[in-house]
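This briefing looks at how a protein holds its ligand, moving from single contacts to the surroundings as a whole.

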Amino acid sequence: MTHIRLPEPDRAIVARRDQITADLIAIAGRDAVISDEDGRRAFETDALTSYRRMPLAVVLPETTETIANILRYCHTQGVKVIARGAGTSLAGGALPAEDAVVVGISKMNRVLDIDLPGRTMRVQTGITNVSITAAVAPDGFFYAPDPSSQLACTLAGNLGMNSGGAHCLKYGVTTNNVLGVRMVLMTGEIVDIGGPYVDAAGLDLLSLVIGSEGQMGIITEATVRIIRAAEGARPMLLGFDSSEAAGRCVSAIIASGIIPVAIEFMDRPAIEVCEAYAKAGYPLDCEALLIIEVEGSETEITERLEQMLELAKPFRPSSHAISSGPDQSAKIWKGRKSAFGALGRIADYYCMDGTIPLGRLPEVLTAISQICTSYGLRVANIFHAGDGNLHPLIMFDANDPASEQRAEQAGSDILALCVEVGGCLTGEHGVGIEKRDLMAKQFNADDLRVQMRLKSVFDPGWLLNPAKVFPLDADQRGDLPAMRSSTLPAAA
Amino acid sequence: MVETLRPTNEAELQSALIGLSQSGLAAEIRGAGSKAAIGRPLQLPAVIETTGLSGITLYEPTELVMSARAGTSLGEVESTLAERGQMLAFEPMDLGPATGGRGGVQTMGAVFATNVSGARRIAAGAARDHLLGVRAVNGRGEIFKSGGRVLKNVTGYDVARALTGSWGTLAVLSEVTFKVLPKPQETQTLVYVGLSDDVGVEMLCAAMGSPFEISGTVHLTAGLTSRLELGRLSREAATVTAIRIENFTSSVAYRIGRLKDALKIYGTPELLEQDASLLFWSELRRLSPVTPAPGDAPTHLWRISTAPRQAAKVVDAIRRNMQVEACYDASGGLIWLEVTASADAGGADIRRILSTHGGHATLIRAEPAVRGSVEVFQPMSASVERLTRGIKAAFDPSAVLNPGRMYAGI
Ligand SMILES: Cc1cc2nc3c(=O)[nH]c(=O)nc-3n(C[C@H](O)[C@H](O)[C@H](O)COP(=O)(O)OP(=O)(O)OC[C@H]3O[C@@H](n4cnc5c(N)ncnc54)[C@H](O)[C@@H]3O)c2cc1C
């Protein structure tokens with residue numbers, strides 16, 4: 001996928017690479033700076049792997065103060081900075097640039113404080129998502145947002161993208177589970193927002209910072225909400241003869257007043273791939289599968305699942321199976337959470353992330369399949385059905401540039417459709433470079449201007465994670481300060 | 001003379017704001033005015049009232065979503081939801097009666113602009129957590145939207161949510177879209193009488209650490225319980241600690257039993273069944289326990305956020321300086337603190353104590369002279385203040401919208 005334009009690097013900065021690297025070493029120490037070509041190459045892309053750029057240098061600091069010193073230096077030198085967690089962004093959110101320093105947070109991964117009675121935890125943001133829960137699991141607690149990439153992705157990246165996961169239907173996404181942050185601004189100033197209590201004082205700055213895709217500051221610490229886990233949880237598998245029946249079953253369940261912890265949807269191509277990989281016991285004779293999980297005591301779980309089976313009857317499920325126990329439950333979730341990886345073993349794919357109003361699900365699924373067919377491509381659908389967050393996985397052949405290009409076009413068409421039916425471009429993966437040029441489909445000039453002015457408040461020089469989120473030409477529209485030093489954009 | 005503008009659609013709202021900014025006039029932004037006595041006192045040449053922007057514009061019960069124009073009353077929204085067995089899970093509080101304003105009149109725009117959220121926030125989140133999207137007009141007269149009508153959306157910055165709690169200082173909301181949830185089938189409450197503050201808060205934290213999905217946790221000091229209408233609680237002049245469970249009927253019975261067991265070292269509770277429970281929690285939603293009866297000595301009211309483990313210590317420390325009664329919500333983390341009236345409402349002591357224990361305080365009820373001399377909202381650190389001023393300038397560079405309502409010059 002190579003049609004997204006990236007700005008030409010600032011040659012003057014690139015020419016000063018040696019000096020800048022030496023200065024970074026003086027600030028952060030030799031061990032923290034990666035400057036050789038092989039070392040830098042490990043950081044040249046994220047999970048949107050068709051775009052690659054060698055960073056000017058990579059720094060892996062161990063303290064907030066070091067990050068502050070690096071940003072202060074880069075600010076005075078006019079050097080761009082790209083914050084990076086684990087680099088699992090599917091939107092190119094962490095894509096480096098040749099004239100930018102990558103600041104990786106991965107070495108800052110400590111738990112700083114656990115307050116079980118207050119149900120909060122203070123951590124450094126380089127901690128992986130799964131390690132947050134691991135730190136409190138022995139006490140029966142967990143951190144709710146659970147992106148499928150949770151083994152690798154960092155809280156920093158989750159904060160950058162306002163990430164979600166399968167269990168968000170009940171527990172919310174990142175922004176609903178974070179109470180405070182420590183953040184370094186581009187000037188090197190350290191700002192504390194919120195803390196271990198229910199509201200932050202003053203304006204709701206946390207809302208702005210979370211989901212700002214590394215464009216407002218580098219977040220180094222956070223206070224997160226932790227939740228006591230339910231007594232038990234159990235998923236059920238419901239197979240259907242059509243996606244439409246499955247979609248209408250989801251609506252019926254929600255209308256009945258039951259909010260399961262998770263309702264995940266897979267279509268036939270997705271089921272086949274995931275079953276082959278995880279051997280979870282997914283039914284193979286259906287067109288659509290729902291994984292529905294409920295929580296509570298054994299009796300409560302049984303009662304709730306039976307209630308839902310009853311609700312599902314009018315939609316004639318072709319099969320139903322309740323997980324036989326923790327073992328199968330783990331497999332069922334493993335299959336779902338490794339869906340992307342499992343598909344990746346058989347095909348190259350492009351993962352979309354639009355959200356739609358649930359009521360439009362059947363027609364949208366039909367349209368998605370028509371769009372992909374019209375480009376001669378296959379698609380697998382796997383998504384968070386309870387909240388309408390779709391993940392069509394468009395399969396293509398990475399060795400065939402034409403097929404890759406068609407996949408990108410099909411993807412744009414699908415996202416445009418999501419917006420058209422009342423949804424949005426991205427439910428949890430973020431805009432990054434990937435959806436940057438589609439932003440104008442969802443927002444008009446004033447909507448974008450309101451957002452871009454906020455970027456300018458936090459980073460007036462637009463040095464942090466540049467050329468992401470907003471269309472490259474958006475700054476040509478009015479009262480914003482000049483913000484990109486780059487010359488004409490070139491094709492990647 | 002104060003000019004009152006009452007736009008009936010978004011275009012009129014926009015013209016009103018363009019007109020004001022061109023003539024350099026600032027306006028007080030209000031819905032039904034139930035919170036007019038909160039914040040720094042304003043004396044502005046114009047008022048923009050949103051009650052003309054009214055009506056529910058979208059309701060999809062199976063998608064858990066509703067949109068309403070900003071001036072739609074909360075009452076209309078809640079009764080429409082109730083017809084389909086749904087509710088606003090964040091249980092918006094009514095600050096009107098406790099601050100000398102009218103009760104039961106607030107608008108949806110104001111609910112989100114002030115982020116008022118009740119006891120259920122501890123389980124379900126605050127108003128901010130349920131907001132999905134807004135349409136609004138800023139002080140430049142630009143109409144803009146942010147977010148949308150779907151439950152998951154990270155497209156662009158989360159401007160909609162950032163407007164919650166901005167008290168009309170950044171933009172006038174014209175329409176809000178929010179998540180709704182099913183009403184629970186059954187509500188019951190366990191009430192413990194006579195626990196000291198620290199033990200009460202400790203028990204509430206223990207309850208929250210249980211797997212039974214508690215949806216309300218309050219502790220009232222002895223002086224407050226007599227204001228409850230609920231007869232059997234108000235007869236005893238002792239503290240009251242209450243824990244709410246909402247769920248399917250069969251689950252409530254099971255969970256209440258398990259919880260009582262888990263908390264038995266704290267004594268034997270009384271059980272409030274559905275009706276009594278609903279009454280008790282609705283009284284809290286109106287802040288009845290911290291609202292003086294006519295003829296009572298005047299008091300000031302603070303809203304304090306702190307870590308639950310600090311809550312009783314904070315109140316204790318403040319009590320050493322003045323007479324206080326406390327309504328602890330959110331397992332202690334949110335304290336409605338009633339203090340004897342004084343020139344600074346006790347603000348200097350309260351904020352000094354919070355600076356050592358962690359947390360912040362907002363003055364909710366005091367006469368205008370006091371609100372004019374004390375910082376009503378928690379003073380900001382220098383860097384947060386700089387960002388806040390920048391954000392104000394981005395939305396409202398000529399300071400048309402509620403200037404000074406939260407902070408001087410903002
Ligand atoms: C197989 C797979 C499955 C996935 N499943 C999900 C899913 O279920 N749900 C979901 O939401 N996402 C999912 N993702 C996407 C991705 O994992 C998330 O976006 C994740 O939050 C990224 O975290 P990261 O640590 O890899 O961040 P990165 O990719 O390194 O960075 C992400 C963004 O955050 C910014 N950032 C990084 N560190 C900081 C910091 N310290 N301060 C400020 N900004 C910072 C970056 O600049 C970038 O814009 C999946 C990805 C993969 C590859």
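Predicted model: local features only at pLDDT ≥ 70, side-chain atom pairs only at ≥ 80, totals over all residues.

Residues are numbered from 1 along each chain as its sequence is written, chains are lettered from A and ligands numbered from 1 in the order in which they are written, and side-chain values use heavy atoms, with hydrogens and water left out.

- A polar side-chain atom of A:Asn158 lies 2.8 Å from an oxygen atom of the ligand.
- For A:Gly87, a backbone N or O atom lies 2.8 Å from a ligand oxygen atom.

**The shell around the ligand**
- The ligand is surrounded by 32 residues (each with a heavy atom within 4 Å of it), and the closest include A:Ala83 and A:Thr154.
- H6(A) gives the largest share of this shell, five residues, where a helix is a DSSP run (H or I) of at least four residues, numbered from the N terminus.
- At least three shell residues come from each of domain 1 (11-104) and domain 2 (111-228) of chain A, with bounds from an automatic or database domain assignment.

Notes:
Polar contact = N/O pair within 3.5 Å; in protein donor to acceptor, adjacent residues only side chain to side chain. Helix = DSSP H or I, 4+ residues; strand = E, 2+ residues; numbered from the N terminus.
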